[in-house]
Amino acid sequence: MAAVLARSVLDRAVHATVGHLTLEVRGHAALLDGRLYPIQQGPVDVLRALARAPGTVLSSADLRQQVPGLTNVDDHAIEMAVSRLRRAVPGVELVHTVIKRGYRLAV
């Protein structure tokens, strides 16, 4: 049973490239070039959405549609999730803010 569960988590992982680093988003963590960064639920969900569309700008409305936990929140809550994501992975620029448009994974 544990092996099936572990395989399921790995199958649902989202993979992307950030600059010269490999990113894998799984569960409540990001694996960046083999280093594990635990991340809170909201921020990791934002990262997962951005990693599914590397380089694509996702507006706050897009993130609300793609992240179940953000459907009924205002823009400030999304800004805070991005801020927490940036703090969870110090020294690595994962997310770019595109002024007046939204956010994108740094590619």
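1. Mean pLDDT (the predictor's confidence in each residue, from 0 to 100) is 90 for this protein, and 90% of the residues reach 70 or more. This is a predicted model, in which local features need pLDDT of at least 70, side-chain atom pairs count only at pLDDT 80 or more, and totals for chains, interfaces and linings use all residues. Residues are numbered from 1 along each chain as its sequence is written, and side-chain values use heavy atoms, with hydrogens and water left out.

2. A word of care about helix α1 (residues 2-12): its mean pLDDT of 49 is the lowest among the elements, while strand β6 (residues 102-105) has the highest, 97. Helices (H or I, at least four residues) and strands (E, at least two) are DSSP runs, numbered from the N terminus. Over residues 3-10 pLDDT stays under 50. Where pLDDT is low, the predicted coordinates should not be read in detail.

3. On to the salt bridges (a side-chain nitrogen of Lys or Arg within 4 Å of a carboxyl oxygen of Asp or Glu): the whole structure has three. Arg-64 pairs with Asp-75, with the closest N and O atoms 2.3 Å apart. This pair links distant parts of the chain, helix α3 and helix α4 (residues 75-88), eleven residues apart.

4. Asp-45 and Arg-48 form another salt bridge, at 2.9 Å from N to O. Both residues lie in helix α2 (residues 41-52), three residues apart, about one turn of the helix. Asp-45 is buried (under 20% relative accessible area; exposed is over 50%, partly exposed in between; 1.4 Å probe, protein chains only) because its value is 15%.

Key: Contact = heavy atoms within 4.5 Å.
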